[in-house]
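Let's take a quick tour of this protein together. Have a look at the sequence and the 3D view, then read on for the main points.

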Amino acid sequence: MKRTTDVLRHAVRRRLDAARGDSGVGSRAGRRGTADAAGPRAYGDRGMTAIEFVFLTPLLFFMIFATVQFGLYFFADHVAQAAAQAGARKARAEADQDPGGWQGKATSTAQTYINQLGPKLLDGQSITPLQPDAVTVGVRVTARVPTIFPGLHFSVHEESQGPVERFVPDNGG
């Protein structure tokens with residue numbers, strides 16, 4: 001009779017704790033006053049912390065690695081963007097003075113930026129000079145980003161272009 005009463009009391013207490021938002025998992029609260037140490041309350045929650053740890057640890061590691069991967073991609077995107085903008089600035093300044101040689105100067109400027117900011121961050125990089133029309137020049141940077149997760153492939157594509165800077169002397173007219 002006492003054991004049945006203890007079981008019912010325990011079930012009611014768990015329902016009340018759940019209503020208050022306290023699951024009681026892993027805690028020893030509510031175990032005071034038990035005459036029978038081997039009763040249902042003594043062993044009911046044992047091992048729950050280990051089970052939660054087993055399920056939550058892989059999720060935690062995935063979240064940490066995903067954060068690092070996002071940081072790698074974000075930084076690689078910014079490096080490619082900075083390199084494309086630097087190459088486009090050089091192309092805009094040199095295209096009027098040196099119509100045939102601005103491509104090499106713009107490409108080397110973009111490559112210098114990549115070497116300074118993240119030499120091992122952009123794999124398989126491709127720097128392409130652009131000249132969509134006679135008054136616009138630019139640079140496109142395309143590269144792969146290293147990944148932490150095997151089987152995933154990320155790449156960045158950045159492009160910057162603008163009008164050719166020309167100096168036109170004032171003839172007074």
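**A helix to start from**

Ile51 sits in helix H3. Keep in mind that what you're looking at is a predicted model. Overall, the protein chain has four helices and three strands, and along the sequence they come in the order α-α-α-α-β-β-β.

**The chain as a whole**

- The protein chain has 173 residues, and 27% of them count as buried.

**A nonpolar patch on the surface**

- Ile51 is part of a nonpolar surface patch, along with Phe55, Leu56, Leu59, Phe62 and Met63.
- Together, these residues have about 650 Å² of accessible area.
- Ile51 has a relative accessible area of 43%, so it counts as partly exposed.

**The nonpolar core**

- In soluble globular proteins, nonpolar side chains tend to be buried together.
- Here, the largest nonpolar core has 21 residues, and Ile114, Leu122 and Val141 touch the most other members.
- H3 (48-94), H4 (102-117) and S2 each supply at least two residues of this core, with H3 giving the most, at six.
- Leaving aside residues up to four places away in sequence, Ile114 touches several residues, including Val79, Ala83, Leu122 and Val141.

**Strands side by side**

- Strands S1 (residues 123-133) and S2 (residues 136-145) run antiparallel and are joined by seven bridges.
- A hairpin of two residues takes you from S1 to S2.
- Look for Pro129, which stands opposite Val139 in S2.

**Salt bridges**

- The count comes to five salt bridges.
- Arg9 and Asp6 form one of them, at 3.9 Å from N to O. They are three residues apart in helix H1 (residues 2-20), so about one helical turn separates them.
- Glu94 pairs with Lys90, with their closest N and O atoms 3.8 Å apart. These two are four residues apart in H3, which again means about one helical turn.
- Glu94 is buried, at 13% relative accessibility, whereas Lys90 is partly exposed, at 31%.
- Lys90, Glu94 and Lys105 are linked in a network of salt bridges.
- Which residue forms a salt bridge with Arg92? That's Glu165, with the closest N and O atoms 3.8 Å apart. This pair links distant parts of the chain, 73 residues apart: Arg92 is in helix H3, and Glu165 is in the segment after strand S3 (154-163).

Key. Residues are numbered from 1 along each chain as its sequence is written. This is a predicted model: local features need pLDDT of at least 70, side-chain atom pairs count only at pLDDT 80 or more; totals for chains, interfaces and linings use all residues. Side-chain values use heavy atoms; hydrogens and water are left out. Buried means under 20% relative accessible area, exposed over 50%, partly exposed in between (1.4 Å probe, protein chains only). Two strands pair if DSSP finds at least two bridges between them. A nonpolar core is a set of buried Ala, Val, Leu, Ile, Met, Phe, Trp, Tyr and Cys residues joined through side-chain atoms within 4.5 Å. Contact means heavy atoms within 4.5 Å. Patches are made of residues with over 30% relative accessible area and no salt bridge: like charges are joined within 9 Å, nonpolar side chains (Val, Leu, Ile, Met, Phe, Trp, Tyr) within 5 Å. Accessible areas come from the Shrake-Rupley method with a 1.4 Å probe; for residues, only the protein chains shown count as cover. A salt bridge is a side-chain nitrogen of Lys or Arg within 4 Å of a carboxyl oxygen of Asp or Glu.
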